Amino acid sequence: MMREGIVWSETVVHGMGEPYQLALVELQGGGRRLLVRVRGERAEVGERVRERESASEYPEFEVSK
Amino acid sequence: MKRVHIAGVGKTAFGVLSGRGLRELAGEAMEAAIGAAGRDRREIEAVYVGNFDAPSFTGQNHLGPLVAGAAGLEGVPATRFEAACASGGSALFHAVQAVRAGLYRNVLVCGVEKMTGQTTARVAEILAGAGDADSEARLGATFPAIFALIARRHMHQYGTTREQLAAVAVKNHWNASMNPQAHLRKVISIEQALAGKPVADPLTLYDCSPVSDGAAAVWVTSEPGEVEVVACAQASGALALADKREITTFEATRRAARRAYEEAGMEPGEIQLAEVHDCFTIAELIAMEDLGFIEAGESGAWVESGATGIDGSLPVNTSGGLKAKGHPIGATGVGQICDLVQQLRGQAGERQVARRDVGLTQNLGGSGATSVVTILRRTV
């Protein structure tokens with residue numbers, strides 16, 4: 001089941017190859033937080049995001065449309 | 001319980017100390033501390049070493065005997081303490097407890113780290129080991145990234161600004177410019193700090209402490225002395241950022257501070273100066289709040305007002321802090337004690353503060369999973 005949540009905090013990391021976004025996401029239903037990579041459009045604090053299909057070994061989310 | 005004093009302190013300069021290894025750096029700091037104490041080194045009954053990750057940075061493990069030997073102290077128990085960036089503070093905490101309990105009368109604490117000579121990427125990888133390997137390091141959450149997440153939340157929750165973060169860097173660079181042992185002695189402006197190379201939004205290069213080499217040593221004793229350790233408390237909190245109830249405060253610092261103030265029988269308002277763990281500018285702001293110097297969310301405006309400058313109501317990081325004095329990880333917590341003792345003894349030169357009876361140090365490990373708070377008082 002793909003998870004959804006709200007961005008609690010976020011950053012874009014520079015200087016380690018291509019810049020990438022990390023977000024601390026408060027997951028829907030329970031208030032548990034999860035650190036994730038955000039793909040695509042940059043997610044802002046308070047924005048809704050959802051998990052996306054990924055072959056990577058860590059959770060990847062994207063902005064919910 | 002025995003009362004605990006500091007017999008002597010010593011440190012190397014912090015910076016890129018090419019061609020000088022762990023043994024040499026530790027030896028220089030310990031010799032300086034022993035010399036400052038003016039006592040016979042044969043009185044030292046144990047050596048406690050603060051070090052984060054010499055095996056990864058230099059390939060050297062088993063630091064206890066290596067460091068003890070560098071000061072001609074072979075034979076005494078010699079042990080390494082690791083608590084990420086609070087390794088030095090943790091070694092001091094355990095030494096103080098041992099002397100208080102009467103286990104030893106004299107313990108030499110030495111913090112040391114040799115970090116330079118690695119690529120930036122390798123340093124970032126080693127430092128990431130201070131966080132949660134599964135949920136943070138694996139995702140590319142470097143320490144600047146972790147503190148950027150903290151800063152972003154503080155800005156969102158309290159309205160803290162980039163200019164207020166920059167004000168911490170400007171103040172600490174100014175202080176370091178007058179400290180001959182500091183790594184970065186360049187005075188910077190708010191504009192320069194704001195225009196720094198982006199590292200992890202909203203943090204730029206000027207929000208980050210440098211990668212430094214260095215060592216510091218403190219002789220802890222049950223004999224009376226000029227400076228008394230009236231409190232030394234260590235506490236822990238959740239390791240991973242995602243597991244913390246709040247990320248704009250560090251529970252470990254609040255717990256350690258509460259215990260330290262209780263031990264000392266003091267209130268935050270009685271502290272006259274402080275050396276706090278500003279690995280990133282946001283960490284100094286949060287330290288102000290967690291130590292009870294200012295209400296949550298008000299530290300940014302407070303620093304911007306000049307209150308924490310050398311001539312302010314509470315001078316903070318008069319040494320230049322980790323931000324500009326440098327941050328050789330294992331040495332940092334011990335170095336803070338050296339800097340505070342220098343101020344309490346009235347030996348800080350151009351950086352000397354006016355009120356110098358009671359001061360505090362705070363040494364943080366990881367993203368706030370370990371914190372050590374120490375309060376020192378001048379006795380004469």
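This is a predicted model: local features need pLDDT of at least 70, side-chain atom pairs count only at pLDDT 80 or more; totals for chains, interfaces and linings use all residues.
**Ground rules.** I number residues from 1 along each chain as its sequence is written, and chains are lettered from A in the order in which they are written. Local features need pLDDT of at least 70 and side-chain atom pairs pLDDT 80 or more, while totals for chains, interfaces and linings use all residues, and side-chain values use heavy atoms, without hydrogens or water.

**Entry 1: the A–B interface.** The size of an interface is often given as the accessible area lost when the parts come together. I looked up the area buried between chain A and chain B and found about 2,000 Å². That is the accessible area (1.4 Å probe) the two parts lose on being put together, summed over both. Carbon and sulfur atoms give 58% of this area. The contact (heavy atoms within 4.5 Å) takes 22 residues from chain A and 24 residues from chain B.

**Entry 2: Ser212(B).** I found Ser212(B) in the loop between β6 (203-204) and β7 (214-221) of chain B. Strands here are DSSP runs of E, at least two residues; helices are runs of H or I, at least four; both are numbered from the N terminus. Ser212(B) is buried, with a relative accessible area of 0%. Buried means under 20%, exposed over 50%, and partly exposed in between (1.4 Å probe, protein chains only).

I then checked its polar partners. The side chains of Ser212(B) and His183(B) are joined by a polar contact of 2.8 Å. Such a contact is a pair of N or O atoms within 3.5 Å; within protein, one must be able to donate a hydrogen and the other to accept it, and residues adjacent in sequence count only if both atoms are side-chain atoms. A polar atom of the Ser212(B) side chain also lies 3.0 Å from the backbone nitrogen of His327(B). Beyond neighbours within four places in sequence, Ser212(B) is in contact with residues including Gly15(B), Glu113(B) and Pro328(B).

**Entry 3: helix α10(B).** Is α10(B) (residues 281-290) mostly covered or mostly uncovered? It is mostly covered: ten of its ten residues are buried. Charged names turn up too: Glu284(B), Glu289(B) and Asp290(B) are among the buried residues. The buried residues of α10(B) pack against several elements of chain B, including α6 (143-158), α9 (251-264) and β10 (358-365). Just after the helix, Gly292(B) takes a positive phi of about 85°.
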